[in-house]
Amino acid sequence: MVLLDVKNLNRSFGGLRAIREVSFSLEAGLIKAVIGPNGAGKTTLFNLLTGNLAADNGTLLFDHQDLSGKPAFLRARAGMARTFQNIKLFPQMSVLDNVLVGGHTRTRSGFLSGMLPLPGSVREQKSLCEQAMVLLHRYGLADEKNTLTGALSFGQQRSVELCRALLLKPKLLLLDEPAAGLNMQETAMLSESIRYIRSERITVLLVEHDMSLVMDICDEILVLNYGERIAEGKPTDIRRNPDVIKIYLGDEDA
Amino acid sequence: MAFLKKFFPFLLFALVLSAIQVIATCTETEYYLTQLTMAAWYSLPVLGLCLVMGYAGQISLGHAAFFAVGGYAAGVVTTTSLIPVQTNSLVSLLGKAGLLVSRTNLYGLPLLHLTPWIGLLFAIGTSLLLSILIGVPALKLKGHYLAMATMGFGIIIYRILLGTSFFGAADGLSDIPAFRILPVLSVSSDFSARVTNYYLAFACVLILLILFSNLLHSRMGRALKAIHNNEEAASASGINTARDKLIVFVISALCATLGGFFLTHYTGSIGPSEASIMKSVRYVAIVAAGGMASLWGTLILGLILNFLSLRGVFGSYDDAVFGAILVMIMLFAPEGLFNIGKLKSLFRKTHGPA
């Protein structure tokens, strides 16, 4: 089943065409990476997919719904969760509260039921807390649940962001450079955790510079350069693709 | 035990309030209770503004106008005489429904007017309508557009009240009757009802405080804090930031309106100065000094400052004092005077282990 189908996506910043006519699709249950040199438009593509940035034109089908032009919060409700390249947490909130925000789309209680603490709202909150604690245990953050996120190490902050995204129970998880700034041990744990996430039937799309991680865990790779799609395929094919080699290593004739 | 811990601050607050009443009654200084009651009604717009500023990260410079909307709704409905249109079928229908009150006015002339309950509905309706009209366009945008829009709104309302004879122009409205909530309970300036009104006003404040603190610990409260902390990450988590900011603003405007409505029935009069921009700045200054996101800090500080102001302690420098407070807070204590987190960390730095 095709989970994500993107056609002819475009986005310009002034005269710069950051994304040009990009089309690709993503099968449910796979791990796919978007790679390319700096400035290739990877993060822009991510922001277009999640709705944090509006596309100039192009269509986006997600889980059989047309989400083109829809704002970010509706895409999250449809089942897209993301992390950010430069971690975006809620610094004045505790680790647990940060993660609980991820469960927003899966809970219902509104302003009134929150003010009056109706039983339904309390029950919902309790069950969400339990699920959040399971995630925090998995990432070794259970003891930090009441800490403000500013006091955590960089790696821990990345984990909190990942927990927040996972509590949304997404169909598609978008990770923007999840290994940036992590040491080797943390990177190894990350690839383990991405595999585990896939085993929970969550499709993963990631932007990453760490090639060994990409080649190790990804089923498919999309290569961008100057906002255009250069190649798409299995890691073994991408590794041999002359266009990709040219981008990364330079022209043979040069 | 957890229940006790949660309600301890509320119980303590109630206890302190009762103690103040007992002391005031015993020392025959009950007149202090009048200003405290007024300060309590004034803390409704302040608490509402605390929600908007501290949790949704927006500034409203129109809360005095919303306060005045409540006050003038109370005044207009209960001082406009219906005797000239008594024979109108709509008016006689209202009379049959028991929604008309007849009394004699200040000069001993007969007066027929609508019941204050209609005023309450009218106040709520007007406030909802106006806050949505301002909030919808202003809150779709990121940044402090709400501050601009509400400031303009505040000035317009002030000028309309000041310039319209129907609203009493510069004199405002007076001879506003008591609002009988129950046969034994009415909001009035009657001396015999002073203690009852004191408790009534603070009961409303406490209820609002409990509702708000519940809200802040609920799903929507988390969403509001998330919006304030990082709007992009909040919307990526599925939070409808524009809608939620609007709802908070509307709730907050409604609080201000209710404060104005009850205060006006309590004092029996209202003037255009209640809608002035300086009053809005005063509310903003109190919330800033209270630590923006601290309901208790805002409430306590608001009560003290409004009480002092009503006692005339600041004299003719009243507005200057609040302006100065705002400047000082922004310069020296941008996180407010009642920032518990900051106090704790100070304590840790000096006494705790390194």
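User: At which residue does α5(B) bend, and which proline follows within four residues?

Analyst: Please note at the outset that this model is predicted. Helix α5(B) bends by about 25° at Ile134(B), and the proline that follows within four residues is Pro137(B). The helix covers residues 116-140 of chain B and has 25 residues. From its first C-alpha to its last it reaches 36 Å, close to the 36 Å expected at 1.5 Å a residue.

User: Which residues of α5(B) are buried, and against what do they pack?

Analyst: The general idea comes from the helical repeat: an α-helix has 3.6 residues a turn, so residues three or four places apart point the same way. In α5(B), the buried residues include Gly119(B), Leu120(B), Ala123(B), Ser127(B), Ser131(B) and Ile134(B), where the bend lies. The buried residues of this helix pack against α3, β2 (110-114), α6, β3 (179-182) and α10 (241-267) of chain B.

User: Two of those partners are helices α3(B) and α6(B). At what angle do α3(B) and α6(B) pack, and which residues meet?

Analyst: Helix α3 (residues 63-79) and helix α6 (residues 145-163) of chain B pack at an angle of about 35°, and their axes are 9 Å apart. From α3(B), Ala65(B), Phe66(B), Ala68(B) and Tyr72(B) meet Phe153(B), Gly154(B), Ile157(B) and Leu161(B) of α6(B). Seven of the residues in this contact are nonpolar, one is polar and none is charged.

User: How is the partner strand β2(B) paired, and how many of its residues are buried?

Analyst: Strands of a sheet pair through backbone hydrogen bonds, either parallel or antiparallel. Here β1 (residues 100-104) of chain B and β2(B) pair in the antiparallel sense over five bridges; Thr104(B) has Pro110(B) as its bridge partner. Five residues lie between the strands of this hairpin, where Gly108(B) takes a positive phi near 80°. Four of the five residues of β2(B) are buried.

User: Turning to chain A, in what order do the six strands of the open sheet lie, and which stand at the edges?

Analyst: The order is β6-β7-β8-β3-β9-β10, with mixed pairing. The edges are β6 (80-82) and β10 (228-233) of chain A; each has a single partner strand, so one side of each is left without a neighbour in the sheet. Neighbouring strands are turned by 20° against each other on average, direction ignored. Within the sheet, β7 (residues 172-176) and β8 (residues 203-207) of chain A run parallel and are joined by five bridges, with Leu172(A) opposite Thr203(A).

User: Which helices of chain A pack on these strands?

Analyst: Helix α6 (residues 154-167) of chain A touches β6 and β7 of chain A, its direction making about 160° with that of β7(A). Helix α7 (residues 184-199) of chain A lies across β3 (31-35), β7 and β8 of chain A, at about 150° to β8(A).

Terms used
Residues numbered from 1 in each chain as written. Chains lettered and ligands numbered in written order. Predicted model: local features only at pLDDT ≥ 70, side-chain atom pairs only at ≥ 80, totals over all residues. Heavy atoms only, no water. Axes fitted to C-alpha atoms, helices over the stretch in contact; angles between N-to-C directions. Helix = DSSP H or I, 4+ residues; strand = E, 2+ residues; numbered from the N terminus. Contact = heavy atoms within 4.5 Å. Nonpolar A, V, L, I, M, F, W, Y, C, P; charged D, E, K, R; others polar. Expected span 1.5 Å × (residues − 1). Bend = angle between axes of the 7 residues up to and from the residue. Buried < 20%, exposed > 50% of the residue type's maximum accessible area, 1.4 Å probe, protein only. Pairing = 2+ DSSP bridges.
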